Amino acid sequence: MQSFDITNRKEFMAKLLKSDLFDSFEVREVISHTSFKMVIDGKRNQEYFNDIENDPDIDYSQYLSWSELRKHVYELMQGHKLPTYFKIILSTKSEKTAQLSSDASTFYLNITFKDNQIICSTGTAYKGFTLDKSADQIWDERIKQFLFKYQFI
């Protein structure tokens with residue numbers, strides 16, 4: 001696990017909430033403190049999707065994608081005042097996880113805003129116990145390169 005202090009906060013938030021840059025991630029949870037505390041569980045409500053579940057061209061995962069939730073999160077967070085706190089927990093889709101490691105069940109990107117700072121931290125969920133932490137190192141390096149490429153750090 002590594003954490004990164006986002007120095008270009010304005011550009012980071014614009015890319016997160018207004019562009020498709022993070023759309024390949026799944027959403028595990030969104031927590032925001034504005035005039036009220038909002039918690040969004042990223043788990044897909046399968047009953048809601050039952051009527052279109054029979055479409056063979058659509059493969060709905062267990063979690064909603066960031067592209068499905070992004071505009072709703074943006075609408076809830078925008079306003080005259082910044083949230084006092086938010087945390088967005090994103091994870092890789094199963095295909096991406098399998099490309100990076102056969103030992104991991106998913107990789108996490110945690111985005112936290114607190115005290116006017118944005119911190120991104122990484123995490124790995126393993127399928128079972130292992131002493132080999134090479135999957136962590138691969139994910140940490142990928143996120144570091146990603147954040148550096150877009151000049152967020």
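**Reading a loop and a helix**

User: Does Asp-115 count as buried or exposed?

Analyst: In this predicted model, exposed means a relative accessible area over 50%. Asp-115 comes out at 62%, so it counts as exposed.

User: Where does Asp-115 lie, and what is its phi?

Analyst: Asp-115 belongs to the loop between β5 and β6. Its phi is positive, about 55°, although the residue is not a glycine.

User: And what about Asn-116: what is its phi, and how accessible is it?

Analyst: Asn-116 lies in the loop between β5 and β6 too. Its phi is near 65°, again positive in a residue other than glycine. With a relative accessible area of 42%, Asn-116 is partly exposed.

User: On to helix α4. What end-to-end span should I expect for it?

Analyst: Work from 1.5 Å a residue: the 16 residues of α4, 134-149, should span 22 Å. The C-alpha atoms at the ends of α4 are 22 Å apart, which agrees.

User: Which residues of α4 are buried?

Analyst: Buried means under 20% relative accessible area. In α4 that gives Ala-135, Asp-136, Trp-139, Asp-140, Ile-143, Phe-146 and Leu-147. Those residues cover an arc of only 130° around the axis, so they sit on the same side of α4.

User: Which residues are exposed on the other side of α4, and what do the buried ones pack against?

Analyst: Gln-137, Phe-148 and Lys-149 are exposed on the other side. The buried residues of α4 pack against β1 (3-6), α1 (9-18), α3 (94-100), β5 (104-114) and β6 (117-126).

User: What is the phi of Gln-151, which follows α4?

Analyst: Gln-151 has a positive phi, near 60°.

Terms used
Residues numbered from 1 in each chain as written. Predicted model: local features only at pLDDT ≥ 70, side-chain atom pairs only at ≥ 80, totals over all residues. Heavy atoms only, no water. Helix = DSSP H or I, 4+ residues; strand = E, 2+ residues; numbered from the N terminus. Expected span 1.5 Å × (residues − 1). Buried < 20%, exposed > 50% of the residue type's maximum accessible area, 1.4 Å probe, protein only. Arc of directions from axis to C-beta. Contact = heavy atoms within 4.5 Å.
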